[in-house]
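Dear colleague,

Please find below the structure that I am handing over to you, with the sequence alongside. My notes on what was found in it follow directly after.

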Amino acid sequence: MKGTKTYINSEEVGYQEQMTKIYPTEDQIQIALIDWMKINKIPVIAIQNEGKRSYSYSRLLKKKGQRKGASDLFIPVPNIIGHGLFVELKAINPLTGNYRKPTSEQLVFIEDMIKLGYSAHVANGFDEALEIIRNYLSHCDKIKLKSFQF
């Protein structure tokens with residue numbers, strides 16, 4: 001089952017009880033964050049950069065400007081920290097129970113954006129992503145932010 005991990009409780013006498021823990025996928029985390037940002041009228045751009053594609057379609061996307069490793073979300077609101085915020089979301093790998101690691105391309109993208117004056121972070125799960133976003137927005141001009149219509 002996708003997004004689950006099965007545990008065996010070895011303390012049970014006579015039989016083993018299976019417990020299943022369900023982890024949210026990266027897509028579910030992103031949808032929840034987008035919903036939160038819509039409610040709070042925060043501008044956000046989702047960067048669709050994953051998925052299986054044919055070789056010819058991949059080449060077309062590259063010609064159109066798609067960059068390998070681009071972060072999942074971009075909040076185009078400048079503040080004293082940066083010109084905008086990039087967030088690379090990571091979910092738990094259900095097979096290991098640990099957060100997935102960013103790829104080398106994702107780390108290079110984040111480093112490049114920081115060099116250009118943007119704020120960029122890897123967020124492990126919804127709560128960490130929300131904390132990063134809230135912290136970034138706490139340094140923004142609230143009047144300009146309120147005038148935005150999502």
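Is Glu 88 buried or exposed? Glu 88 counts as buried, at 1% relative accessibility; buried means under 20% relative accessible area, exposed over 50%, and partly exposed in between, with a 1.4 Å probe and protein chains only.

Before the details, a word on conventions. This is a predicted model, in which local features need pLDDT of at least 70 and side-chain atom pairs count only at pLDDT 80 or more, while totals for chains, interfaces and linings use all residues. Residues are numbered from 1 along each chain as its sequence is written, and side-chain values use heavy atoms, with hydrogens and water left out.

Salt bridges

The structure holds 2 salt bridges, each defined as a side-chain nitrogen of Lys or Arg within 4 Å of a carboxyl oxygen of Asp or Glu. In one of them, the side chain of Glu 88 meets that of Lys 90 at 3.5 Å, N to O. Lys 90 is buried too, with a relative accessible area of 6%.

Arg 67 and Asp 112 form a salt bridge in which the closest N and O atoms are 2.5 Å apart. Arg 67 lies in the loop between α2 and β4 and Asp 112 in helix α3, so this pair ties together parts that are 45 residues apart in sequence. Helices (H or I, at least four residues) and strands (E, at least two) are DSSP runs, numbered from the N terminus. Arg 67 is partly exposed at 32% relative accessibility, and Asp 112 is partly exposed at 24%.

The largest pocket

The volume of the largest pocket is about 620 Å³. A pocket is an open set of points on a 1 Å grid over the protein atoms alone, where a 1.4 Å probe fits, with protein on both sides within 12 Å along at least five of seven lines; lining residues have an atom within 4 Å of a point. The volume is the space filled by probe spheres set on the points, which are joined across faces, edges and corners.

Its lining consists of 20 residues, and Asn 49, Glu 50, Arg 53, Lys 68 and Gly 69 lie nearest the centre of the pocket. Two or more lining residues come from each of α2 (55–63), β5 (85–90) and α3 (104–115), with α2 giving the most, 4 residues.

Nonpolar cores

A nonpolar core is a set of buried Ala, Val, Leu, Ile, Met, Phe, Trp, Tyr and Cys residues joined through side-chain atoms within 4.5 Å. The largest such core has 22 residues, of which Leu 33, Met 37, Leu 73, Ile 75, Leu 89 and Ile 133 touch the most other members. At least two residues of this core are supplied by each of α1 (26–39), β4, β5 and α4 (125–137); α4 gives the most, with 6 residues. Apart from this core lies another, of 7 residues, including Ala 70, Phe 74, Ile 110 and Met 113.

Two individual residues

Ser 71 is found in the loop between α2 and β4 (73–75) and is buried, with a relative accessible area of 0%. Beyond its neighbours within four places in sequence, Ser 71 is in contact (heavy atoms within 4.5 Å) with Ile 47, Phe 86, Val 87, Glu 88, Phe 109 and Ile 110.

Lys 41 has a phi near 55°, a positive value in a residue other than glycine. Lys 41 sits in the loop between α1 and β3 (45–46) and is partly exposed, with a relative accessible area of 41%.

With kind regards
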